[in-house]
Amino acid sequence: MSVLIDLTPLRVSRDFRRLWIGQAVSFLGTTMTVAALPFQVYQQTKSSLAVGLLGVAQLGPLLVCSIVGGAFADSVDKRLLLLGVTIAAMACSIGLAVNASLDHPHLWLVYMLGAIASGVTAVTFPVLRSLLPLLLEDALRPAAFALQATYASFGMMAGPAVGGILIGTVGLATTYTVDVVTYALAFVAFAGIAASPPMGNAEKASLASVLHGLRFLRGQSVIMSVFGIDLLAMIFGMPRALFPALTARLGGGAALYGLLLSSVAAGAFIASITSGWTGRVKRQGAAVLWAVTAWGAAIAITGMTFNVGIVLVCLAVAGGADMISGVYRSSIAAEVTPDDLRGRISGVELAVYAGGPVVGDVEAGVVGGLIGVPFAIVSGGLACMAAAAVFAVRVKSFAGYVRPSAVVAETTD
């Protein structure tokens, strides 16, 4: 049996193929812009505080629009909404390109367009998450989410590097323009997807529909476990805020810092292209817990050594484990959530995934500052392993979760 990534979803579904190609192209451009925005702010202000405030400006729209966008994803044609957010994202990049071309670019416009772009991204996520399961049978969903992880991890690994090269050679305005082109190509790909109207019993987007989605989560131990285990892993096990201090501890400079950041994405990319086996795993809940355990162990070892090679390998292993965890978390959430609620639940999912790393940066910074960097990293990794053990013992519905298609297959054999 092949371990290479399963391309079956791309072969059997024309709509999924268009969705994947459009997202792969546009995401690469998005990661370039994500790298360019803080660079431009620092270039204009020479202030790290100003760069930090950019993140604050983007976080609010991301959290709010993820919830609101989920309600819209359930209540309107998903294809039309996807086209709409693609146009909105392209307009933001056009604005950034025009502003960057001015002799004196407006800093307030960078903040405003960065915040709007963050909100647009937050709406895009639940649209994609609620549309994908409708394009494929459930047995192919793990392979489909692995394929999505492939372009996502590659984009996070290559996008900032390509963006840096473009900024250094042709400037910020052209870098943003490249992002505009990627959105235009994505729009063409998305335009060929079949219409995806809301379910017959879908609610109109409103505060009541948002609350309905939140009420659905009560008593849903499996979905809440999907969110909870990832939140704990991001809070305790992602020492992103400690990477500068870790670089100094290892005796490196800017080059090593870049390698620390890219090694996590590189591990995720390698795991994604060797994920052909993921669709054959039946006990998906247990697979998540094992992946989180591997993540925590790799992070803990990272804090125990001064060997740069071991650190880079451990971070790559952690990135690969997170990718595998993400494939099964996405598959479980898609299978357990009803079709007419997927947008809203995906919106909550994004809010959790976006907020976790931010809280994790605070936690890592506080513990690292008060007790020390090694302790903060090691204790965070061990906390992830402990969390996985608690879920395995206390949440049997999640630990024992088996994908429905596997249950049907065993019943009919």
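Student: Which residues does Met323 touch, not counting residues up to four places away in sequence?

Tutor: The model is a predicted one, and a contact here requires heavy atoms within 4.5 Å. With residues up to four places away in sequence set aside, the partners of Met323 are Ala146, Ala149, Ala268, Ala271, Ser272 and Ser275.

Student: Why does the radius of gyration of the chain agree with that of a compact globule?

Tutor: For 413 residues, a compact globule would have a radius of gyration near 22 Å. The C-alpha atoms fill a box of roughly 65 × 50 × 45 Å along the principal axes. The chain agrees with the globule value because its own radius of gyration is 21 Å.

Student: What share of the contacts with a separation of 6 or more is accounted for by residues 24 or more positions apart?

Tutor: The chain is built with 17 helices and zero strands. Of its contacts with a separation of 6 or more, the share from residues 24 or more positions apart is 87%.

Student: How far apart do the centres of the positive and negative side chains lie?

Tutor: The chain carries 23 positive and 19 negative side chains. The distance between the centres of these two sets is 2 Å.

Key
Residues are numbered from 1 along each chain as its sequence is written. This is a predicted model: local features need pLDDT of at least 70, side-chain atom pairs count only at pLDDT 80 or more; totals for chains, interfaces and linings use all residues. Side-chain values use heavy atoms; hydrogens and water are left out. Helices (H or I, at least four residues) and strands (E, at least two) are DSSP runs, numbered from the N terminus. The radius of gyration is taken over C-alpha atoms; the globule rule is 2.2 Å times the number of residues to the power 0.38. Lys and Arg count as positive and Asp and Glu as negative; His and the chain ends are not counted. The place of a charge is taken as NZ of Lys, CZ of Arg, CG of Asp or CD of Glu.
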